[in-house]
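Take a slow look at the chain below before reading on. We'll walk through its charged pairs, its strands and a stretch of its surface.

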Amino acid sequence: MTALNDLLQAVRQMYSAIEQFDAAAAATLGVDRTALRAINAMERGSVTPGTLGAELGLSSGSVTALLDRLERAGHVERRLSREDGRRRDADLTPAARVRADRIYESLGQSISVAFEKADAVQLQALVTGLSSLSAAFNAGADRASRQID
């Protein structure tokens with residue numbers, strides 16, 4: 001059971017490091033953590049307010065307020081959807097995308113340095129382990145959402 005305890009401790013340390021990175025990234029961009037999560041979602045491309053709300057767990061009113069703040073700050077632009085001209089999709093502005101890319105490129109460089117001596121087999125084992133951890137977190141979230149006091 002010691003190896004499992006070591007794994008759980010390492011996961012907690014990684015989670016703490018991710019939290020610290022996210023706090024620094026949000027501060028660098030001049031946004032709060034929820035806005036950072038929205039920016040991260042839009043790095044994959046334009047989103048509908050409904051999709052963004054579902055991903056972030058926010059109501060439609062909260063998404064509207066969030067997008068309004070991000071638009072005023074110059075991080076987001078909204079335009080009519082190509083698929084449905086009644087809907088306005090949100091996307092990062094080119095300047096916001098460049099700023100976010102710089103932040104995550106620096107993280108990528110740090111990760112590359114940390115694993116520069118790992119071989120392909122070790123890296124694949126890490127990818128497999130991280131995928132298993134992601135699945136465990138998703139399962140844990142599902143179980144936690146069904147808990148009754």
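Arg97 is partly exposed, with a relative accessible area of 23%; partly exposed is the range between buried (under 20%) and exposed (over 50%), found with a 1.4 Å probe and counting protein chains only. This is a predicted model, where local features need pLDDT of at least 70, side-chain atom pairs count only at pLDDT 80 or more, and totals for chains, interfaces and linings use all residues. Residues are numbered from 1 along each chain as its sequence is written, and side-chain values use heavy atoms, with hydrogens and water left out.

Which side chain does Arg97 meet in a salt bridge? That would be Asp91, at 2.9 Å from N to O. A salt bridge here is a side-chain nitrogen of Lys or Arg within 4 Å of a carboxyl oxygen of Asp or Glu. Asp91 has a relative accessibility of 12%, so Asp91 counts as buried. The general idea is simple: side chains of opposite charge can pair when their charged atoms come close.

How many salt bridges does this rule give? The count comes to eight. Another of them joins the side chains of Glu19 and Arg33, at 2.6 Å from N to O. Glu19 sits in helix α1 and Arg33 in helix α2 (residues 33-42), so this pair ties together parts that are 14 residues apart in sequence.

Asp22 is buried yet has no salt bridge. The nearest side chain of opposite charge is Arg33, 4.3 Å away; for charge, Lys and Arg count as positive and Asp and Glu as negative, while His and the chain ends are not counted. Leaving aside neighbours within four places in sequence, Asp22 is in contact (heavy atoms within 4.5 Å) with Arg33, Leu36 and Tyr104.

Arg78 is buried at 19%, whereas Asp68 is partly exposed at 28%.

Strand β1 has a partner. Five bridges join β1 to β2, and the two run antiparallel; strands count as paired if DSSP finds at least two bridges between them. In this pairing, Leu80 stands opposite Arg88 in β2. Four of the five residues of β2 (residues 88-92) are buried, so this strand is largely enclosed by the rest of the structure.

Met14, Ile18, Ile111, Phe115, Leu123, Leu126 and Leu130 make a nonpolar patch of about 530 Å². The elements giving two or more residues to this patch are α1 and α6 (120-145), and α6 has the largest share, with three residues. Leu130 is found in helix α6 and is partly exposed at 34%. Patch members need over 30% relative accessible area and no salt bridge; nonpolar side chains (Val, Leu, Ile, Met, Phe, Trp, Tyr) are joined within 5 Å, and like charges within 9 Å. The areas come from the Shrake-Rupley method with a 1.4 Å probe, and for residues only the protein chains shown count as cover.
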